[in-house]
Amino acid sequence: LSIGISYANNNGEKIVHLTKAEFLKKVMDYENNVNEWKYLGDKPAIIDFYADWCGPCKRLSPILEEIAAEYEGEVIIYKVNVDDERDIATAFGIRSLPTLFFVPKQGNPSVVEGFLPKEELYKAMNATILKK
């Protein structure tokens with residue numbers, strides 16, 4: 001008997017890759033609401049701003065996959081490729097990769113720049129979006 005997590009790409013993936021249009025619909029319409037953070041989702045979220053060439057981003061990716069599987073239905077994990085979605089990166093002043101936004105259902109997100117080990121991710125998640 002072997003128990004493991006399968007990392008399916010695209011079709012079975014628990015992480016949602018966002019384009020600008022999807023970001024504006026699912027996360028925040030920053031074009032029409034420039035002065036205030038108004039989250040559009042119904043569950044807390046983590047937004048990972050990353051690039052394919054970024055080493056720390058690559059190390060973070062499987063950890064986020066595990067969190068997405070573990071907290072499925074409770075927390076949404078979004079990924080935004082800053083090379084493909086420069087408008088979003090510019091709008092939120094992303095200067096360091098990876099940059100994580102911990103987005104509660106209400107209130108402003110907490111922002112963490114750089115790679116976090118799994119334990120630190122859990123601490124940040126519990127303190128900011130799960131309030132444990």
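## Ile-76 and its neighbours

Ile-76 touches Val-16, Tyr-39, Asp-42, Lys-43, Pro-44, Ala-45 and Ile-46, leaving out residues up to four places away in sequence; contact here means heavy atoms within 4.5 Å. Ile-46 sits 30 residues away along the chain, and the C-alpha atoms of Ile-76 and Ile-46 are separated by 6.4 Å. You will find Ile-76 in strand β3, where helices (H or I, at least four residues) and strands (E, at least two) are DSSP runs numbered from the N terminus. Ile-76 is buried, with a relative accessible area of 19%. Buried means under 20% relative accessible area, exposed means over 50%, and partly exposed lies in between, using a 1.4 Å probe and protein chains only.

A quick note on the model: it is predicted, so local features need pLDDT of at least 70 and side-chain atom pairs count only at pLDDT 80 or more, while totals for chains, interfaces and linings use all residues. Residues are numbered from 1 along each chain as its sequence is written, and side-chain values use heavy atoms, with hydrogens and water left out.

## A covered strand

Six of the six residues of β3 are buried. On one side these are Ile-76, Tyr-78 and Val-80, and on the other Ile-77, Lys-79 and Asn-81.

Ile-77, also in β3, is buried with a relative accessible area of 1%. Neighbours within four places in sequence aside, Ile-77 is in contact with Lys-14, Ile-15, Val-16, Ile-46, Leu-64, Ile-67 and Ala-68. Ile-77 and Val-111 lie 34 residues apart in sequence, and their C-alpha atoms are 14 Å apart in space.

## Strand partners

Which strands pair with β3? Strand β1 (residues 15-17) pairs with β3 in the parallel sense over three bridges, and β2 runs parallel to β3, joined by six bridges. Two strands pair if DSSP finds at least two bridges between them.

Lys-79 in β3 is the bridge partner of His-17 and also of Asp-48. From β2 the chain crosses through helix α2 (residues 55-70) to β3, and this β-α-β crossover is right-handed: with the strands pointing away from the viewer, the path from the first strand over the helix to the second runs clockwise.

Phe-92 touches Phe-23, Met-28, Tyr-30, Trp-37 and Phe-101, not counting residues up to four places away in sequence.

## Two loop residues

Glu-85 lies in the loop between β3 (76-81) and α3 (86-91). Not counting residues up to four places away in sequence, Glu-85 touches Leu-18, Thr-19, Lys-20 and Val-80.

Pro-98 is in the loop between α3 and β4. The peptide bond joining Leu-97 and Pro-98 is cis, with omega about -10°. For background, most peptide bonds are trans.
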